[in-house]
Amino acid sequence: MPFPEWGTIRGDFQSPIGRCTTSAPFWGACLGATMAPNHLSVREMREDEKPLVLEMLKAGVKDTENRVALHALTRPPALLLLAAASSGLRFILASFALALLLPVFLAVAAVKLGLRARWGSLPPPGGLGGPWVAVRGSGDVCGVLALAPGANVGDGARVTRLSVSRWHRRRGVGRRLLAFAEARARAWAGSMGEPRARLVVPVAVAAWGVAGLLEACGYQAEGGWGCMGYMLVREFSKDL
């Protein structure tokens, strides 16, 4: 089965999540007033747009990292480890305040650096092509999407990056990118002879608005990954 030509998607179209008219690591809010259908398109990213897209991804991670760090470091096991580290440092450092704050600072820095390394950069092109950008009629890039095949046969496709410019959120850009991802995953599954078409979207625990959007679009939470038994990133999936 030949792989379809995607090019640029323009205009109003019907998707599995409804009729779309138009952006946190799945991190920014996507609800609210939508752009006019002829004012938004989705196409592959050009090389000269890479710096702008990288800044958009980094900004999306910054919007989420503090909330994720707060969530992770206020879990009981983390608090216990921080207290133990502070107690040990009191025998080494002359300052009680420094012994108290240094473990917290290092833990927050580790969480932030981990999130930025995972979601704040562009992945190499995978079997599904891309990355793709959402572009307004004026030529402004307002969102970015990247996909990758699942690790095993039958896992479907995964969203590895999805971020919307903070100036274009709540205008339907996230919904348009999600609809494009579903269509792309469905066509890729058919071309590869996959047993089912499926899309998996990871969402940071602090991004409750995105989780609500995915659930409203038919996605179901199915686990995720975290630390010390506590979830930091949930994964939502949908059979297409």
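This is a predicted model: local features need pLDDT of at least 70, side-chain atom pairs count only at pLDDT 80 or more; totals for chains, interfaces and linings use all residues.
Helix 3 comprises 24 residues, residues 96-119. At the start of helix 3, a contact is formed between S95 and A97: a side-chain oxygen of S95 comes to within 3.4 Å of the backbone nitrogen of A97.

Several positions along helix 3 are buried, namely A99, P103, A107, V111, L115 and W119. The packing partners of the buried residues of this helix include both helices and strands. The helices are helix 1 (50-73) and helix 2 (76-89). The strands are strand 7 (157-164), strand 8 (198-204) and strand 10 (230-239).

Helix 3 also contains L100. This residue has a relative accessibility of 43% and is therefore classed as partly exposed, since that class lies between the cut-offs of 20% for buried and 50% for exposed. Together with F96 and L101, L100 makes a nonpolar surface patch of about 310 Å².

Strand 8, one of the elements against which the buried residues of helix 3 pack, contains L199. The relative accessible area of L199 is 0%, so this residue counts as buried, the limit for that class being under 20%. Along the chain, L199 and A183 are 16 residues apart, and their C-alpha atoms are separated by 9.7 Å.

Technical notes: Residues are numbered from 1 along each chain as its sequence is written. Side-chain values use heavy atoms; hydrogens and water are left out. Helices (H or I, at least four residues) and strands (E, at least two) are DSSP runs, numbered from the N terminus. The expected span of a helix is 1.5 Å times one less than its number of residues. Buried means under 20% relative accessible area, exposed over 50%, partly exposed in between (1.4 Å probe, protein chains only). Contact means heavy atoms within 4.5 Å. A polar contact is a pair of N or O atoms within 3.5 Å; within protein, one must be able to donate a hydrogen and the other to accept it, and residues adjacent in sequence count only if both atoms are side-chain atoms. Patches are made of residues with over 30% relative accessible area and no salt bridge: like charges are joined within 9 Å, nonpolar side chains (Val, Leu, Ile, Met, Phe, Trp, Tyr) within 5 Å. Accessible areas come from the Shrake-Rupley method with a 1.4 Å probe; for residues, only the protein chains shown count as cover. A salt bridge is a side-chain nitrogen of Lys or Arg within 4 Å of a carboxyl oxygen of Asp or Glu.
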